Amino acid sequence: MENLGNIDWEKLPFGYMKTDYNLRATFKDGKWGEIEVHTDETLNIHIAATCLHYGQEVFEGLKAFRGADGRIRIFRPLDNAHRIQESARGIKMEPITDELFMKMITQVVKMNERFIPPYGSGSSLYIRPLEIGMSPRVGVSPADEYLFMVMVMPVGPYFKQGFKPTRVVIYRDYDRAAPCGTGRWKVGGNYAAGMGATQRAKDNGYSAALFLDPKEKRYIDECGPANFFAIKDNKYITPKSGSILPSITNKSLQQIAIDMGLEVECRPMKVEELEVMDEVAECGTAAVAAPICQIDDYDMGKSYTFGDPAVAGPVVTKLMQRLQAIQRGDYPDEHGWVTIVE
Ligand code: PLP
Ligand code: COI
């Protein structure tokens, strides 16, 4: 086994790293099989598998943390189980069971325990479950055989700026999802659809593209890899939309906001409202709560700015700190969000 002595836990990027084991389970002949332990990073799949041709792929992202008490905590894994089941149903795949999902998540974390970044490093173990359609099909129809897998890797912040505010951009000639499409599910195709705008945004020095509602282009939807929220006076405002992913981080931050005495509004949010917002941020498992200092509405030639570009605003900072404290066991888990791995 390779020595981990040369990993700089505080400077990890958000990227792939080989770890010791990945776990797999196959749905075949109408039932899920046994959990298989693999060290191999590759798959052997049929050239006509539905995942390759018709995008039958769903995935998740969640994290495990090492606490000051040495214990390992996984944040809200059952919520991810339920969301991957919804995503699978959405594109006619076989949903994994709660029991198998939880078993595989805890087992893969335990088996790769040496890759969990130490407490205080600011890094965490990213858990990436995914499911793909395996049956060969040339006509468009769902597979009857599925492969569910879980891999893990230690990661640092999603945006290389860490918790420093970044700029994001609206390009009005791209959509990541359609009004009655797949935006509310975590399917690979959404990320393919968002790749053009995202890459253009990055090439122009932005951290992400911010997508508008695909029907009217009047309301804010979400960023490519994260939900969006804003702070105005004592309110936490976040878009309600049928074409965004229901973010578990956003749901958690809304509860934390209520716990801190803020009001929460989940409602359609007009682009022009950005004019009056005090703080804005993107939130997600990978992004945590990443402050935004500027939003350029490129095609409208408009720019919105928020606070000091060098430091995150006070409310976003407080929300992010509380979320991280709960995840790492530094603040009481009052809402039962944390699963401790024994
Ligand atoms: N929106 C999109 C498109 C995402 O990919 C993610 C990441 O999973 C999120 C939002 C945030 O969701 P969560 O907080 O559950 O990670
Ligand atoms: C996550 O936040 O876990 C994600 O899946 C977002 C991104 C890396 C696609």
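Q: Where does ligand 1 sit?
A: Ligand 1 sits in the largest pocket. A pocket here is an open set of points on a 1 Å grid over the protein atoms alone, with protein on both sides within 12 Å along at least five of seven lines. Sitting in it means that more than half of the molecule's atoms lie within 2 Å of its grid points. This is a predicted model, where local features need pLDDT of at least 70, side-chain atom pairs count only at pLDDT 80 or more, and totals for chains, interfaces and linings use all residues. Residues are numbered from 1 along each chain as written, chains are lettered from A and ligands numbered from 1 in written order, and side-chain values use heavy atoms, without hydrogens or water.
Q: How many residues surround ligand 1, and which are the closest?
A: There are 16, counting a residue if one of its heavy atoms lies within 4 Å. The closest are Tyr 191, Glu 222, Ser 247, Thr 249 and Thr 285.
Q: What is 2.6 Å from a nitrogen atom of ligand 1?
A: An N or O atom in the side chain of Glu 222. A polar side-chain atom of Thr 285 lies 2.6 Å from an oxygen atom of the ligand, and one of Arg 83 lies 2.7 Å from an oxygen atom of ligand 1. Polar contacts here are pairs of N or O atoms within 3.5 Å.
Q: How much of ligand 1 does the protein cover?
A: 97% of the 380 Å² of accessible area that ligand 1 has on its own, by the Shrake-Rupley method with a 1.4 Å probe.
Q: OK, ligand 2. Which space does ligand 2 take?
A: The largest pocket. The residues around ligand 2 include Phe 14, Phe 59, Tyr 191 and Thr 285.
Q: What lies 2.7 Å from an oxygen atom of ligand 2?
A: A polar side-chain atom of Lys 186. Arg 128 has a polar side-chain atom 3.5 Å from an oxygen atom of ligand 2, and a backbone N or O atom of Thr 285 lies 3.5 Å from an oxygen atom of that ligand. The protein covers 90% of the 280 Å² that ligand 2 has on its own as accessible area.
Q: How many cavities of 30 Å³ or more?
A: The count is 1, a cavity being a set of grid points where a 1.4 Å probe fits but cannot get out. The largest cavity has a volume of about 40 Å³, the space filled by probe spheres set on the points.
Q: Which residues line the largest cavity?
A: Among them are Phe 65, Arg 66, Tyr 119 and Arg 328, where a lining residue has an atom within 4 Å of a point.

How values were computed
A polar contact is a pair of N or O atoms within 3.5 Å; within protein, one must be able to donate a hydrogen and the other to accept it, and residues adjacent in sequence count only if both atoms are side-chain atoms.
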